[in-house]
Amino acid sequence: MIVMPAGITPSQEGFDGVVWSILGQTYTLKQHSDHSMAWHALFPSGTFVPPHVHPTQDEFVYVLSGRYDLWLDGKEFTATAGDLVRMPMGIPHGIFNKSDADATSLFWVAPTRSLKGLFERIHNVPDPAEVVRIAAEHEVDFLPPPG
């Protein structure tokens with residue numbers, strides 16, 4: 001069982017020094033236990049996470065700066081600094097930075113399940129199709145493109 005230690009993860013550092021590069025985005029691990037996992041995310045302009053489902057996790061995004069365009073359960077939304085996005089388990093969602101500026105946020109999931117293992121495996125993987133294939137092994141199911 002992974003238990004979260006008490007302490008502080010400094011603003012410019014990752015928990016245990018962990019930082020992942022995933023398809024142009026930077027994820028800095030901030031906290032990890034069996035019960036939840038949190039990471040700071042930097043989405044440069046034009047980057048996105050296509051529509052997908054976490055069948056065993058609730059996911060949250062607290063927007064720190066910039067703007068995210070979201071596809072959530074078939075509807076479109078926009079979230080800006082100070083907004084909290086709630087993505088319940090089993091509900092399809094996609095996250096897009098369609099703006100001309102970087103967007104930053106704090107993401108977290110509960111429970112963690114195998115998400116940390118997924119991020120470890122897809123760190124620096126350049127092929128989106130390979131990322132989708134690996135994600136399916138870690139309880140993240142990407143939806144087929146529309147049409």
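Arg67 sits at 30% relative accessibility, so it counts as partly exposed. Keep in mind that this is a predicted model. Arg67 makes a salt bridge with Asp69, with 3.0 Å between the closest N and O atoms. Is Asp69 buried or exposed? Asp69 is buried, because its relative accessibility is 13% and the cut-off for buried is under 20%.

That pair is one of 6 salt bridges found in the whole structure. As background, side chains of opposite charge can pair when their charged atoms come close.

Next, Arg121 and Glu137. Their side chains form a salt bridge at 2.7 Å, N to O. This pair links distant parts of the chain: Arg121 is in helix H1, while Glu137 is in the loop between helix H2 (128-136) and S11, 16 residues apart. Arg121 is partly exposed at 38%, and Glu137 is partly exposed at 45%.

Within helix H2, Glu130 and Arg133 are 3 residues apart, about one turn of the helix. They form a salt bridge too, the closest N and O atoms being 2.8 Å apart. Glu130 counts as partly exposed at 28% relative accessibility, and Arg133 is partly exposed at 40%. Which residues end up in one network? Arg121, Glu130, Arg133 and Glu137 do, joined by salt bridges that share partners.

Now the strands. An open sheet is formed by 6 strands, in the order S1-S2-S3-S10-S5-S8, with antiparallel pairing. Strand S1 (19-22) and strand S8 (84-87) are the edges, each pairing on one side only. On average, neighbouring strands in this sheet are turned by 25° against each other, ignoring direction. Between S2 (residues 25-32) and S3 (residues 37-43) there are 6 bridges, and Gln31 stands opposite Ala38 in S3. Helix H1 (residues 115-122) lies across S1, S2, S3 and S10, at about 65° to S1.

Strand S4 (residues 48-53) has two pairings to mention. With S9 (residues 93-96), S4 runs antiparallel and is joined by 3 bridges; here Phe48 stands opposite Phe96. With S11 (residues 141-142), S4 pairs in the antiparallel sense over 2 bridges, and Val53 stands opposite Asp141.

Last, the surface. Tyr62, Leu64 and Leu84 form a nonpolar patch there, with about 250 Å² of accessible area together. Tyr62 is located in strand S5 (residues 58-65) and counts as partly exposed, because its relative accessibility is 34%.

That is what I have; questions are welcome.

Key: Residues numbered from 1 in each chain as written. Predicted model: local features only at pLDDT ≥ 70, side-chain atom pairs only at ≥ 80, totals over all residues. Heavy atoms only, no water. Patch = residues over 30% accessible without salt bridge, like charges linked within 9 Å, V, L, I, M, F, W, Y side chains within 5 Å. Areas by Shrake-Rupley, 256 points an atom, 1.4 Å probe, with all protein chains shown as cover. Salt bridge = Lys/Arg side-chain N within 4 Å of Asp/Glu carboxyl O. Helix = DSSP H or I, 4+ residues; strand = E, 2+ residues; numbered from the N terminus. Buried < 20%, exposed > 50% of the residue type's maximum accessible area, 1.4 Å probe, protein only. Pairing = 2+ DSSP bridges. Axes fitted to C-alpha atoms, helices over the stretch in contact; angles between N-to-C directions. Contact = heavy atoms within 4.5 Å.
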